Amino acid sequence: MSTVPHENPPEARIDTVLFDFGNVLVAWDPYAAYAGRMDRADVEAFFEAVDFPTFNARQDAGRSWADARREVAEHHPEHVSSLDVYTENFAASLVGPVPGVEEVVYELRSLGVRLYGLTNWSAEMFHAAEPAAPAVGLMQDVLVSGRVGLVKPDPRIFEVATERFALDPARTLFVDDSVANVTAAAALGFRTLRFEDAAGLRAALRGLGVGVREV
């Protein structure tokens, strides 16, 4: 008796895109908050003193800016004014939409692809995102790390997003500029793209069978 060789089922078609925001939809440059307000050397001294990447990650995880200011006042009182400049001018650090991505988002929406956001962002500062990059407002819903007290690449925040947005990871493309975040999502079964530019996003989507234009 002959047998028919087993064939693996084809990969599921993408029906959802889950976007990171910072440097994917909206360009972020913390130094831009200080342009014309402080010397670059003084900004760098502040960033080094507080270990700005770690400091910012704590804001993304839900620490209030009032608590952050109290800690800076306690440990680095000479830099309180530098923090105040940043918080008062945070919107200036959002230097505009990432080129070409908004057009891709509009195309995805017209194709009926579900659109969601999963962003590491301070809850108190998230209101500035959409004015800087209108594509943020095209999402059907957004999970903001500072609102749930979890940050990427913690697997738990992906699990929260999966439940909240009713995602099927095998049918969801997660787009992020961070290798660590993309790696974490892939381990949970998401299709992933390490974002570099809009052209790469288009190519990845087309490779997954999504009918965005080839530019």
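Visitor: Is Arg206 buried, exposed or partly exposed?
Guide: Arg206 is partly exposed, with a relative accessible area of 39%. Here buried means under 20% relative accessible area, exposed over 50%, and partly exposed in between (1.4 Å probe, protein chains only). This is a predicted model, where local features need pLDDT of at least 70 and side-chain atom pairs count only at pLDDT 80 or more, while totals for chains, interfaces and linings use all residues. Residues are numbered from 1 along each chain as its sequence is written, and side-chain values use heavy atoms, with hydrogens and water left out.

Visitor: Which residue forms a salt bridge with Arg206?
Guide: Glu214 does, with the closest N and O atoms 3.7 Å apart. A salt bridge here is a side-chain nitrogen of Lys or Arg within 4 Å of a carboxyl oxygen of Asp or Glu. Glu214 counts as exposed, at 66% relative accessibility.

Visitor: How many salt bridges in the whole structure?
Guide: The search finds 12. One of them links Asp20 and Lys152, whose closest N and O atoms are 2.8 Å apart. Asp20 sits in the loop between strand S1 (16-19) and strand S2 (26-28), and Lys152 in the loop between helix H7 (145-148) and helix H8 (155-164), so this pair ties together parts 132 residues apart in sequence. Helices (H or I, at least four residues) and strands (E, at least two) are DSSP runs, numbered from the N terminus.

Visitor: Is Asp20 buried or exposed? And Lys152, buried or exposed?
Guide: Asp20 is buried at 6% relative accessible area, and Lys152 is buried too, at 4%. Asp20 and Lys152 are also linked with Asp176 in a network of salt bridges.

Visitor: What kind of peptide bond joins Lys152 and Pro153?
Guide: A cis one, with omega at about 10°. Most peptide bonds are trans. Pro153 lies in the loop between H7 and H8.

Visitor: New topic: how much space lies in the largest pocket?
Guide: About 490 Å³. On a 1 Å grid over the protein atoms alone, a pocket is an open set of points where a 1.4 Å probe fits, with protein on both sides within 12 Å along at least five of seven lines; lining residues have an atom within 4 Å of a point. The volume is the space filled by probe spheres set on the points, which are joined across faces, edges and corners.

Visitor: Which residues lie nearest its centre?
Guide: Of the 25 lining residues, Gly22, Trp28, Asn56, Asp60 and Asn120 do. Helix H2 (residues 52-60) gives the most to the lining, with 6 residues.

Visitor: Which residues touch the most other members of the largest nonpolar core?
Guide: Phe19, Phe21, Leu108 and Trp121, in a core of 55 residues. Apart from that core lies another, of 15 residues, including Tyr116 and Phe174. A nonpolar core is a set of buried Ala, Val, Leu, Ile, Met, Phe, Trp, Tyr and Cys residues joined through side-chain atoms within 4.5 Å.
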